[in-house]
Amino acid sequence: MANLEIIPVPTRILTDKDDIIDIVEKYAGTKIGKNDVISVAESVVAITQGRIVRPEDLTISRVAQLLCRFIPDYGSLASPHGMQSLMDIEGKWRVTFALILGFLAKVIGKNGVFYKFGGEQAALIDDVTGTMPPFDKYIVYGPKDPQTVVKKLQERLGCFGAVIADVNDLKRSRIVGVTDGVDGDKVAHLLIDNPFGNASQKTPIVIIKNFKQYQG
Amino acid sequence: MEFLYGLIGIVIVVVILVKLFLLREGDAIIDVRTDAHTAFVVDELTKDSVTVSTKVEFANIGTQCGTIMDCYVRSLLPYEQFDGVKVEAKAELDGAPREDDYFEAVLIQRKESINVWVKIKITARKTADIKEALIDMVDLPVDLVYQYAARKPWAITKKRIVLKAEDIAKLVGVILAK
C-alpha cells in the first residue's frame, strides 16, 4: 500500500490580486496525483478573495466595545474591532442575541452556543496578528463559498479531493470546506500538527499523498 | 405597574453586575518604559556614519492581553537646528530582527513584557567623516510611536527618548565643540 505523506508547499505571499485556484495549480500542480488530497489554509483563501479589513476602517460601536469584553482575551472577537467586524457581517442584533444566549447556556454548563448562533464568521474571523505580514495588521474573515472553491480545486487538479482547513499551533484543526467523498474529520486529524506552519512561514498549501488509500 | 417596577429592577441589577464584571476583568495597560531604557550602544561605526541602539521594555501591567499593532521611531532633528547629519531611525522587536523596517504586530500577555530596540543611524551630510560632523552635534530627540489595542478601541501614542549630544560624542570618541 502506498505511504501516506504530508507535503507542505511553499509559495510567495498571496494577496487579493491572486486567484487561489491558479496559485495552487502553479505551486502544487505537478506534485499532486489522483489519490491525493489538496489542503489550503482558510485564511489564505480568504485573503485572495479580498475578505480582509483594517481595524482603522471600521466604525466601532459601543455595543461592540461592550460585547467583546465577554470573550476570553485570547479570542479573535475579544477586541472591539474584532467584534465589530463580526457585527458588520452577521448583524449587530444577531451577535448580541447569540452572546446572551451563549452566556445563559454557559451558566447551565453548555459551551459553544455563541458560535452556533452568532453566524458562521464567528468562528472564522482572525484578529490582527492572526496571519503573516502584511496581513498581520488586518482582520481576516473566513472564506466565501468554501464548497465552490474546493470543488474547483479538485476539478482543476484532478486529485482525489480538496479541503480548506483552519488549523493553528494550539492543536485546533477544523475543515471549512471539503469535496464529496473525502472524510473531513480524518483530514482534520492529519493536519492537527499544523503543517501549514505559523504566521511567517509561507506554506499555505499542503498535499496529503495517497489519502484515498488511507481513507479506505 | 408592579411588572414595570420589577423590570426596571432587573435592568438595574444587570447593569450593576455587568459593571462589576468589567471592573473585575480590567484591561491591558501597556507601560512603555522609555525612562528606563538601556544605555545607547554602538551597533556599527563607519567612516561616514554611526548606528546606535537602545532597548525599551513594553510591559503589560494590566489584567488582559494587549496587542502592539505597529511601532516606529520618528526622529526630530530639523536642519534649522543642525544640518550636519542625516538621521534615520527604526523600531525592531527584540529577537526578531528585520531588514525591511516592518514591525510585525505582536501580542503582550498580561503581566508579561516584550523588548523593542530603537535603532538610530546618523550619517554625515557635509563631510565624509562622521566624527568631524558630530563635533557640533546637538541633543537628538526621537519619538517611539506605537499603535495598540486591547479591550478598548485601538489608539496611537508616543513616548520620547533623547540621545544626548554628550552621549553620542562619547560613544564615537569625539569632543564636542563649545
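On a 1 Å grid over the protein atoms alone, a cavity is a set of points where a 1.4 Å probe fits but cannot get out, whereas a pocket is an open set with protein on both sides within 12 Å along at least five of seven lines; lining residues have an atom within 4 Å of a point. The structure examined here is a predicted model, in which local features need pLDDT of at least 70 and side-chain atom pairs count only at pLDDT 80 or more, while totals for chains, interfaces and linings use all residues. Residues are numbered from 1 along each chain as its sequence is written, chains are lettered from A and ligands numbered from 1 in the order in which they are written, and side-chain values use heavy atoms, with hydrogens and water left out.

One cavity of 30 Å³ or more was found in a search of the whole structure. The largest cavity holds about 70 Å³ of space, a volume being the space filled by probe spheres set on grid points that are joined across faces, edges and corners. Its lining consists of A:Thr11, A:Arg12, A:Ile13, A:Leu14, A:Val44, A:Ile47, A:Thr131, A:Met132, A:Phe135, A:Lys202 and A:Pro204. Seven of these lining residues are nonpolar, two polar and two charged (Ala, Val, Leu, Ile, Met, Phe, Trp, Tyr, Cys and Pro count as nonpolar, Asp, Glu, Lys and Arg as charged, and the others, Gly among them, as polar).

Helix α7(A) gives the most to it, with four residues (helices are DSSP runs of H or I, at least four residues, and strands are runs of E, at least two, numbered from the N terminus).

At the interface, 25 residues of chain B meet 23 residues of chain A, contact meaning heavy atoms within 4.5 Å. About 1,900 Å² is buried between the two chains, 57% of it from carbon and sulfur atoms; buried area is the accessible area (1.4 Å probe) that two parts lose on being put together, summed over both. B:Tyr102, B:Arg151 and B:Trp154 supply 33% of the area that chain B buries against chain A, more than any other three residues. Two salt bridges link the chains (a side-chain nitrogen of Lys or Arg within 4 Å of a carboxyl oxygen of Asp or Glu). A:Lys137 forms a salt bridge with B:Asp70, with the closest N and O atoms 4.0 Å apart.
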